[in-house]
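Good morning, and thank you for joining this group meeting. I shall walk you through one structure, beginning with a term that we shall need later.

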Amino acid sequence: MKKSNKDLDDKMGEDFPADLRYSKEHEWVKIEGDKAIVGITDHAQSEMGDIVFVELPELGRDIEQGAELGVVESVKTVSTVYAPISGEVITVNTDLDDSPEIINSSPYEDGWMVKLAMSDINEVDDLMTAAEYMEYIVEDDEE
Amino acid sequence: MTAEGKRTELYAEHLKLKAKIVPFGGWLMPVLYTSVIEEHNAVRERVGLFDIGHMGLLDIPKAGLDLKHLEEHCLTRKIADLEAGQIRYNRLLNERQGIVDDILVYNYPDKYLFVVNASNTDKVKNYLKEHQIVYSEPKKKGIALQGPLAEKTMSALCSTAEIKYYRFKEIEVFGEMVLISRTGYTGEDGFEIYTEQAVLFWQKLLTAGAQPCGLGARDTLRLEAAMPLYGHELSDEITDEQSKKLAGLEMLDKAVPREKYRVFTNEKEIGYITSGTFSPTLKKAIAMAYLDSVKLGERVDVEVRGNRHPAVVVSLPFYKRKK
């Protein structure tokens, strides 16, 4: 697999890149200056299974942290994707229109969903680190 | 994992294969092992193996049975005319003509075998008691081998070439008289095998090349074949007559229609979705729906998360195998 931090690869065989931040709703954020790239985590795609449809927001929309950013449908289920961070939608991954399954094969790279111009960089502090997220998932699974 | 439910004899086998387990009809069942689409395609193109140990089996001795009552007050189709070794799809009705369960009836010389839905087994047992129909529960548990290579795969254990569609035989395999029927819930050729050695058969058939398949693929396969699923297309409230109004919908965009989504023509609500999915074979979103008026080729809209998405009424089934 890609640039995963080996120490953070857990026993489930899922990937948790150390350079990303994570939300409780299983989105990831990659910070690039004042921009944020958002997608869903390896854990999320693995739980959902084969992804067959992705609904993305309109360009230019301002989205608040925690608001609905899009929808991901797998064969079995529908999941809402929430904005892990506030900002304006500046790019969406149009490759997902024809090939939504990219999220399954490459959740952290080719399967990215949205690029936001962040409105409050301090919100990054609300998000979990890879180690915290991994712990969060393990606890969640044991519940 | 805290989900509760009964476990089939194959539960440990599913864990060994790293299946994702979900509660279904009171049981803990594998929903998938690798991927729904991959398992679906394995059945359409090769051969897949399903645990159906959750299905209920009820033996009904013919001695003392009031067959006239059973046919006139309980079943939607006759069974008295069944030949030896023949199977017929049937439905049990309540006093309001609602569907209690949809079942397969196997005709033995001295008994009928009812194969009933897992989630309805207790209900059917109570129903039979109310109708003073005596039953017993055989120990055999089911596994289903489905796909174009099913007969070839079975030949590793025994010959099933002589078993015709919707017929069954009892064949001695591994020292046991095993019930093998040419039936299934996928729209492909295949067999349902009822045995007291489910683990042994499971392992042997995997070794013979079958791919383990979960309930996820079972659902997409039966939906493409337009086979109803109790709790979706059928219920205690839906009559046999109403169930004939089931229509097929093919979405014209990629939105996936799901159970209970509403269907419109122009602004008029005309019905609702009973089951919907992405069809791995057609590579389109499809659904079954109860619609007030059904015209093939008619353009309708399905409401998906508040937005209307275009669909067209198509004939069922969505998929029919080449013979």
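This is a predicted model: local features need pLDDT of at least 70, side-chain atom pairs count only at pLDDT 80 or more; totals for chains, interfaces and linings use all residues.

Let me begin with chain A. Chain A contains four helices and nine strands. Along the sequence, these follow the pattern β-β-β-α-β-β-β-β-β-α-α-β-α. Of the 143 residues in chain A, 43% are buried. If we take the contacts in chain A with a separation of 6 or more, 62% of them are between residues 24 or more positions apart.

How does chain A meet chain B? Nine residues of chain A are in contact with 13 residues of chain B. On the chain A side, the elements that give two or more residues are strand S4 (51–55) and strand S6 (68–74) of chain A. Sorted by class, that side of chain A has five nonpolar, one polar and three charged residues.

I now turn to chain B and its sheets. As a reminder, strands of a sheet pair through backbone hydrogen bonds, either parallel or antiparallel. One open sheet in chain B has three strands in the order S1-S3-S2, with mixed pairing. Strand S1 (6–7) and strand S2 (20–24) of chain B each have a single partner strand, so they stand at the edges and one side of each has no neighbour in the sheet. S2(B) runs antiparallel to strand S3 (residues 27–32) of chain B, and five bridges join the two. Within this pair, Pro23(B) is opposite Leu28(B) in S3(B).

A second open sheet of chain B has six strands, in the order S10-S11-S12-S9-S4-S13, and its pairing is mixed. Here the edge strands, each pairing on one side only, are strand S10 (168–173) and strand S13 (211–212) of chain B. S4(B) and strand S9 (residues 141–146) of chain B are antiparallel, with four bridges between them. Leu49(B) has Leu145(B) in S9(B) opposite. Two helices pack on this sheet. H2(B) touches S4, S9 and S13 of chain B, and its direction makes about 115 degrees with that of S4(B). Helix H6 (residues 198–207) of chain B touches S4, S9, strand S12 (190–195) and S13 of chain B, at about 15 degrees to the direction of S9(B).

Next, consider helix H7 (residues 215–224) of chain B, which lies across S2 and S3 of chain B and runs at about 70 degrees to S3(B). Is H7(B) largely enclosed or largely open? Nine of its 10 residues are buried, so H7(B) is largely enclosed by the rest of the structure. Among these buried residues are Arg218(B), Asp219(B) and Glu224(B), together with Leu215(B) and Leu223(B). The buried residues of H7(B) pack against S2, S3, helix H2 (36–45), strand S4 (48–51), strand S16 (268–279) and strand S17 (284–291) of chain B.

We may now look at H2(B) and H7(B) as a pair. Two packed helices are described by the angle between their axes and the distance between the axes. For H2(B) and H7(B), the angle is about 60 degrees and the axes are 8 Å apart. The two helices are therefore oblique to each other. Here our opening term returns: H2(B) passes H7(B) in a right-handed crossing. At the contact, Val36(B), Glu39(B), His40(B) and Val43(B) in H2(B) meet Gly216(B), Ala217(B), Thr220(B) and Leu221(B) in H7(B). By class, this contact has four nonpolar, three polar and one charged residues.

Finally, some details of the backbone. Most residues other than glycine have a negative phi, and most peptide bonds are trans. Ala226(B) is in the loop between H7 and strand S14 (246–251) of chain B. Gln97(B), also not a glycine, has a positive phi of about 70 degrees, and lies in the loop between strand S6 (87–93) and strand S7 (99–107) of chain B.

Which of these two residues is buried, and which is exposed? Ala226(B) has 20 other C-beta atoms within 10 Å, so it is buried. Gln97(B) has 12 within 10 Å, so it is exposed. Lastly, Leu316(B) and Pro317(B) are joined by a cis peptide bond, with omega about 0 degrees. Pro317(B) is in the segment after strand S19 (307–314) of chain B.

Conventions. Residues are numbered from 1 along each chain as its sequence is written. Chains are lettered from A and ligands numbered from 1 in the order in which they are written. Two residues are in contact if their C-beta atoms, placed from the backbone, lie within 7 Å. Ala, Val, Leu, Ile, Met, Phe, Trp, Tyr, Cys and Pro count as nonpolar, Asp, Glu, Lys and Arg as charged, and the others, Gly among them, as polar. Two strands pair if DSSP finds at least two bridges between them. Axes are lines fitted to C-alpha atoms, for helices over the stretch in contact, and angles run from 0 to 180 degrees between N-to-C directions. Angles under 35 degrees count as roughly parallel, over 145 as roughly antiparallel, 65 to 115 as roughly perpendicular and the rest as oblique. A crossing is left-handed if the near helix is turned anticlockwise from the far one by less than a right angle, and right-handed if clockwise.
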